[in-house]
Amino acid sequence: MTEAIKNIIEPDAEAVHPEAAVAPGYLANHAARVFNRLVDGRLREHGLTLSLIGPLLLLSWKGSMLQRDLVRHSAVKQPAMVALLDKLEAAGMITRLASAADRRAATVDLTDRGRDAAAIGRAALLEMNAKAVSGFAPKETALVVDLLARVIANLEGLHGT
């Protein structure tokens, strides 16, 4: 058992089953929950949440998009995306304009306030990613990224997701 695993299970040996402590799925899920909680805490200092910055970051990267393309390029389903966009529009971070080509479609764009919020979100994510691998050598960081990408590919390959 590595020192890192001991640090997870020994503080409260009853809290984590020994098999879970060495299970890649459990550890990846636990890391994601801790990461998300910390990033969300940082974003709340700015009146933002992790869920709100997803569409903002996508728009800041790809530019104006149709609402349906935002759904297609994210892990958020249509009803949840509509609710997020409603919140972002009410906060003045995005605009939605009916498409000239298809009146049922709306083009979503960032406002200046939305661009500022996206920059805050990006900075929070970069900072927490750096803290997550603090003390790692560059090769170790690259190895973690590679191994996680392989785990994701293995799991997505099971159901063609």
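1. Is threonine 111 buried or exposed in this predicted model? Threonine 111 is buried, as its relative accessible area is 17%, where buried means under 20%, exposed over 50% and partly exposed in between, with a 1.4 Å probe and protein chains only. Threonine 111 is found in the loop between E3 and H7; helices (H or I, at least four residues) and strands (E, at least two) are DSSP runs numbered from the N terminus. Not counting residues up to four places away in sequence, threonine 111 touches Gly92, Met93, Ile94 and Thr95, contact being heavy atoms within 4.5 Å.

2. A word on the basis of these points. The model is predicted, so that local features need pLDDT of at least 70 and side-chain atom pairs count only at pLDDT 80 or more, whereas totals for chains, interfaces and linings use all residues. Residues are numbered from 1 along each chain as its sequence is written, and side-chain values use heavy atoms, with hydrogens and water left out.

3. Isoleucine 94, with neighbours within four places in sequence left aside, is in contact with Leu56, Leu59, Leu85, Leu88, Glu89, Val108, Asp109, Leu110 and Thr111.

4. Helix H4 can be checked for its length: at 1.5 Å a residue its 13 residues should span 18 Å, and the end C-alpha atoms are 19 Å apart, which agrees; the expected span is 1.5 Å times one less than the number of residues. Within H4, the residues Leu52, Ile53, Pro55, Leu56, Leu58 and Leu59 are buried. Glycine 63 follows H4 and has a positive phi, near 85 degrees.

5. Glutamine 67 has its place in helix H5 (residues 67-72) and is buried, with a relative accessible area of 13%. Leaving aside neighbours within four places in sequence, glutamine 67 is in contact with Gln78, Val82, Leu85, Arg96, Ala106 and Val108.

6. The largest pocket holds about 1,300 Å³ of space. On a 1 Å grid over the protein atoms alone, a pocket is an open set of points where a 1.4 Å probe fits, with protein on both sides within 12 Å along at least five of seven lines, and lining residues have an atom within 4 Å of a point. Its lining has 27 residues, of which Ala28, Ala31, Ala132, Val144 and Leu148 lie nearest the centre. Helix H3 (24-44), helix H7 (112-132) and helix H8 (138-159) are the elements that give two or more residues to this lining, and the largest share, 11 residues, comes from H8.

7. Asparagine 129 lies in helix H7 and counts as partly exposed at 42% relative accessibility; asparagine 129 and phenylalanine 35 are 94 residues apart in sequence but 8.2 Å apart in space, C-alpha to C-alpha. Alanine 15, in the loop between helix H1 (3-9) and helix H2 (18-21), is exposed, with a relative accessible area of 55%. The C-alpha atoms of alanine 15 and asparagine 36, 21 residues apart along the chain, are separated by 20 Å.

Terms used: Points joined across faces, edges and corners; volume = space filled by probe spheres on them.
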